[in-house]
Amino acid sequence: MSQFEALFRPLKINQLTIRNRVVSTAHAEVYATDNGMTTERYVKYYEEKAKGGCGLSICGGSSVVSIDSPQSWWSSVNLSTDRIIPHFQNLADAVHKHGGKIMIQISHMGRRSRWDGEHWPNLMSPSGIREPVHRATCKTIEVEEIERVIADFAQAARRAKEGGLDGVELSAVHQHLIDQFWSPRVNKRTDQWGGAFENRMRFGMEVLKAVRDEVGRDFAVGIRICGDEFHPDGLNQDDMKQIAKYYNDTGLLDFFGVVGSGCDTHNTLANVIPNMSYPPEPFLHLAAGIKEVVDVPVIHAQNIKDPNQAERILEAGYVDFVGMTRAHIADPHIIAKIKMNQVDQIRQCVGANYCIDRQYQGLDVLCIQNAATSREHMGLPHLIEKTTGAIRKVLVIGGGPGGMEAARVAAERGHAVTLIEKTSELGGQITLAARAPQRDQIAGITRWYALELARLGVELCLDTIADAAMVRDLRPDVCILATGGIPFLEQNPEWGFDNGLVVSSWDILSGRVDPGENVLVYDTICEFSGMSVADYLAAKGSQVELVTDDIKPGVGIGGTTFPTYYRSLYEREVIMSSDLVLDKVYAEGNKKVAVLENEYTGQQEERVVDQIVIENGTRPDEALYYELKEGSVNRGQIDVDALFACQAQPALHDSGSGMILWRLGDCVSQRNTHAAIYDALRLCKDL
Amino acid sequence: MTILDWLLPAVLVVALTLLFIGAIRRVQLWRAGRPDSVNLVACLLAMPRRYLVDLHHVVERDKVMSDTHVATAGGFVLSMILILIVHLFGINSASLNGALLIATALMFTGSMSVYKRRLNPPARLSKGPWMRLPKSLLVFSGSFFLLTLLTSGFLPEGFGSWVLVAVLMAGVTLGVMELLFGMGWGGPMKHAFAGALHLAFHRRPERFGGGRSTGLKPVNLDGPLGVSEPADFKWNQLLGFDACVQCGRCEAACPAFAAGQPLNPKKLIQDMVVGLAGGSDSRYAGSPYPGKEIGKAQGGPHRPIVGSLVSADTLWSCTTCRACVEECPMMIEHVDAIVDMRRHLTLERGETPNKGAELLDNLIATDNPGGYNPGSRMNWAADLDLPLMAEKKEAEVLFWVSDGCFDMRSQRILRAFVSILKTAGVDFAVLGNEECDSGDVARRLGDDATFKSLARHNIATLARYRFRRIVTTDPHAFHVLKNEYGDFYPEGKEGDYEVLHHSTFINELVEHGKLKLDAFRGGAVTYHDPCYLGRYNGEYDSPRSLLAALGIQVREMERSGYRSRCCGGGGGAPITDIPGKHRIADMRMDDAREVQARTIAVACQQCTAMLEGVVEPRPEIRDLAELVADALIVESTGARAEYVTEEVY
């Protein structure tokens, strides 16, 4: 039982006792939609973490202190007005009720934003240099503005304190205004706010002093910094240690948060929230370096997902707190499960970065595998209670994510569940996705389901093709079809699928078809699958050209993941071509000729290759559905009003006998993993 | 009939003389033990009531055997008195003769029942001379009945021939040899003589008259530590061993025996008898220590026990559950003896097996058995904001947290209890890092020195604060605080507080209307009585009435209440970890499965740990505090509810 001793050793931050060493670090939730005021959704999201045992949550990544630091793009929290105070009180109460602590990150984002909305501000930065990730041009900040922003920081901290929050974290990371002043890459000033070390430090120092003056000595104030900007002209680890020590020595700070890597380019941004292609805790050494020079606790979050990993880091003393933020998005009850000796039941983050990639698109943060996260306010449960009604016989056909979630939830409800899968393993398309280089960790989704289904006693029938007769023989009360889709290669008959001229990305990733020597991948979808198959082929030694009719290969992939694909594809000399439609394929001897047509000029060009792989999405596998539809009591229909309201399907209330039939996931229409899991959860939670 | 006039008294005189000589010799054997001062007269005067009432209560659990014994023993005692009057002193009267006839007839009837039972005796009974005893009883009572008929004049003059007289005399001789000579010289009837004196000079007189005495006696740390040879026992302990009737009720109750570990409490007591009298166990005719051969053990009053008479594994197999003591119709104290011998192994020889030595080292270095940082006792409650005695100085209730604070599973029980305390608005405080291990395990492992230092330390800590009651969720801490700390208080400064187990305390809160409970909805529930709560402290009712308050109808296991089967976790047994054929916890789980329980309600974190160690699928294990905390109806308005931390599980 001493296995997690270090993890559960409480530690004080200023006057606060944090009950364990696990922190949900600041991230933009994109839930504070009501003009920057935290909503019920926001509160419930953090309450769930506290209920699950999280020691400290730092909410509100990039919450703004000033009205000219726009918040609407990411719906971040707006601390520039006293209106926020009562909202904070709700938030603080909800977290404190469960023994948790909650702080908020406060910031002025400077040039790291967009000006073309909300109040249409002129963005400000020490030297007016454009920021590339947001394509943000900005003005050079004037001294009067510097002083105003310093005062804004102090007022924002006061609002957090008056709202009952436990502390504030100043953001000097991710190239916000404070670290824009720090970095010689961005700060070219020659006045007292730039140039020499003390001058570059001045803005942050004045902010810190003003905040401390406002909130007093006993209120927790920390700072989040980067450990190394990873730019030759930026701040390296030695610079950061010097900065950390400089601020530490004032005695005004209560903790440091450390993130490895700067993020004002697409490539460095991917480091900040390491996806599944990274090793565990890739930047821990940078945080440990900062810990060497400071006297207060250091928090570090980057790819720490596993309790044993967390314990190892803490036990070794590299840092004082581990940030397990995505780990909490995947499973807010991670701490409770450790305490319950249910480590096997933790739904572990797989680093798919669905959460953060949505955030960078201005969409609400959701988990690829846990559809209840951030939907607590809608009544979607993390813990599914047993039904008090009739025990039903539930038949799930298809072992992909939707089918696995349906089976899990139905079994948690206490029903007798059978899952039929035609292949020899669970996972569906996740299994294919995991075969690509650097994508193997996505199989963690399946691994968790396999463990849970075994724990819950779901009867698994693998290598079994379900037909209508079998379903009728089994006489289920509820039949859920999650049969998925089939690669859609017939869309253009000229592709020659019927003549065997092209193969699908599934054929390649599954290993059914060996990679050719010279391969053209034609990808109309521009998400993971096309990039993955190109990467897979290149890794196997093929010469690959990745062609799309869209504006750029992988354009549908979020900002923390396309860079890691690009790193690999460029390294392997994959040629990426855009704006070309695959018009036709024909054979020429052993070779295949792809006829490509430029979308904008109509000009055609040809490629002579050994193999043409097409990624054109899927069509629903719906044959079984239409065979069963007529015989079902609900004629296969899902009541969308009830579904969208997360309420029980009316068909469940009808006492008549007969089979209820639902279908979900790609066998309805192609969407994604999260969509299939979300539908399965909201359909089955009231089963 | 003149031959009878002198022969019968002669036989009686010889037998009585032999009995007397034997008894003196036996007493001498007991006197080899260490002194224990007793009030001879008062003890002897107390004996009849102890025999007729207290012992009878235990024997009566088996009604048939109880009646049998009343008839046989009662008949014998009565017969013997009358035989001496009539046949030795020759005081003859029709009424005396009639009474003697009735007494012998009664004894004969009883003996028939003994005889019948011995036709197909249960495995727990010893065989050997004990198989002869019913016959001897029948011969004795039958012969005296007929002889009295002959001498009483109830039969016509000249009835019967010299052959009959000779046969009857032979019978009488055989009978008195078994019943009188045998009594003094180590035959089965020894139990009557030794048993009567054992009851008189019992080391735990508190057990008589409905009392309870379960706390271990302290070791004099200035003398020899523990028991190395039989003569190291107190004399009245040796006497107690001699009282054993080898009925094997202890054997049938012993969890270690059932698990195939090398312990049989009956054999252990018989080995002690071998030790006090000298010789070997070759004549022992009962079940062996599982896995050990009979006939190899040698002993003598001044020969070391461990090694030649009893193996150390036998002593370390005991869970100190007291099931044997509870069952023993002779009220023998097996556990005291075992711990006495463990004390020698631990304190003199330093031979605590397996993790035992490490655990004791931890206790010495860190005041807790796991060797955790003693400053981390409150980690489990970092978010609960518990009032500390050091700050509060005074509270109605001192919540004794115990070492469960270091264990994640136990922490859930502790947290559940805290939410109950808060919901009920109890004025309580904890000692926090000032608390030390209660010393229970150290003491059961024989390390009375460490126990004493922990007890003294805790007593000094407790003395700094004012409180009326100590409440703990740990029955082991409960037991030592309640029953064993008393010996270590400075003279005249005894603690003025009550010690309660949380089941008692919560039940009281419910009865006083301080808690509102929802009904439990989780299917069939059974309740496992922890040894240190039940047998050690007699608390069987509060847990059950609490469960009733949750709307639970307990499905009682066959072994429950005072007959509850140990989980295997007591006495340091999980630490010394002596291998057997089964695990005790598995057997206990089977008991629960037999009554189709979905949940086993427990009241001890050690039981929780042991039972949860059984591989799934198995019933869920829930402490009473957890069941109650789950069912709490917390008023949503009012300040009180606000600081009750809602847990996910």
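In chain A, Leu56(A) stands opposite Lys101(A) of strand β5(A). Strands and helices here are DSSP runs, numbered from the N terminus, with at least two residues (E) for a strand and at least four (H or I) for a helix; two strands pair if DSSP finds at least two bridges between them. The structure is a predicted model, in which local features need pLDDT of at least 70 and side-chain atom pairs count only at pLDDT 80 or more, while totals for chains, interfaces and linings use all residues. Residues are numbered from 1 along each chain as its sequence is written, and chains are lettered from A and ligands numbered from 1 in the order in which they are written.

β4(A) is joined to strand β5 (residues 101–107) of chain A by 6 bridges, and the two run parallel. Strand β3 (residues 22–24) of chain A also runs parallel to β4(A), with 2 bridges between them, and here Val23(A) stands opposite Leu56(A). Because 9 of the 9 residues of strand β4 (residues 56–64) of chain A are buried, the strand is largely enclosed by the rest of the structure. A residue is buried if 20 or more other C-beta atoms lie within 10 Å of its own, exposed if 12 or fewer, and partly exposed in between, with C-beta atoms placed from the backbone.

These strands belong to a barrel of chain A, which 8 parallel-paired strands close in the order β3-β4-β5-β8-β9-β10-β11-β12. From one strand to the next, the twist averages 25°. Axes are lines fitted to C-alpha atoms, for helices over the stretch in contact, and angles run from 0 to 180 degrees between N-to-C directions. Helix α1 (residues 40–51) of chain A lies across β3, β4 and β5 of chain A and runs at about 155° to β4(A). Helix α5 (residues 197–215) of chain A lies across β8 (167–172) and β9 (220–226) of chain A, at about 170° to β8(A).

Turning to chain A as a whole, its secondary structure comes to 22 helices and 27 strands. The C-alpha atoms of chain A fill a box of roughly 75 × 65 × 45 Å along the principal axes. A compact globule of 687 residues would have a radius of gyration near 26 Å, and the 27 Å of chain A agrees; this radius is taken over C-alpha atoms, and the globule rule is 2.2 Å times the number of residues to the power 0.38. Of these 687 residues, 54% count as buried. Thr423(A), found in the loop between β14 (416–420) and α14 (429–433) of chain A, counts as partly exposed because it has 15 C-beta neighbours inside 10 Å.

Chain A is divided into domain 1 (2–378), domain 2 (393–486 + 620–684) and domain 3 (489–616), with bounds that come from an automatic or database domain assignment. The contact between domains 2 and 3 of chain A takes 7 residues from domain 2 and 10 residues from domain 3, where two residues are in contact if their C-beta atoms, placed from the backbone, lie within 7 Å. The C-alpha centres of these two domains of chain A lie 31 Å apart.

Chain B is assigned domain 1 (2–200), domain 2 (213–348), domain 3 (387–511) and domain 4 (525–631). In chain B, 4 strands with parallel pairing form an open sheet in the order β4-β3-β5-β6. Its edge strands, each pairing on one side only, are β4 (428–430) and β6 (498–501) of chain B. Neighbouring strands of this sheet are turned by 35° against each other on average, direction ignored. Strand β5 (residues 466–472) of chain B pairs with β6(B) in the parallel sense over 4 bridges, and Val471(B) stands opposite Leu500(B) in β6(B). Helix α20(B) packs on the sheet, touching β3 (394–400), β5 and β6 of chain B, and its direction makes about 160° with that of β6(B).

The helix α20 (475–484) of chain B is also among the elements against which the buried residues of α25(B) pack. Helix α25 (residues 605–612) of chain B is mostly covered, with 7 of its 8 residues buried, including Cys607(B) and Met610(B).

Finally, the contact between the chains takes 19 residues from chain A and 16 residues from chain B. On the side of chain A that touches chain B, the residues divide into 6 nonpolar, 8 polar and 5 charged. Here Ala, Val, Leu, Ile, Met, Phe, Trp, Tyr, Cys and Pro count as nonpolar, Asp, Glu, Lys and Arg as charged, and the others, Gly among them, as polar.
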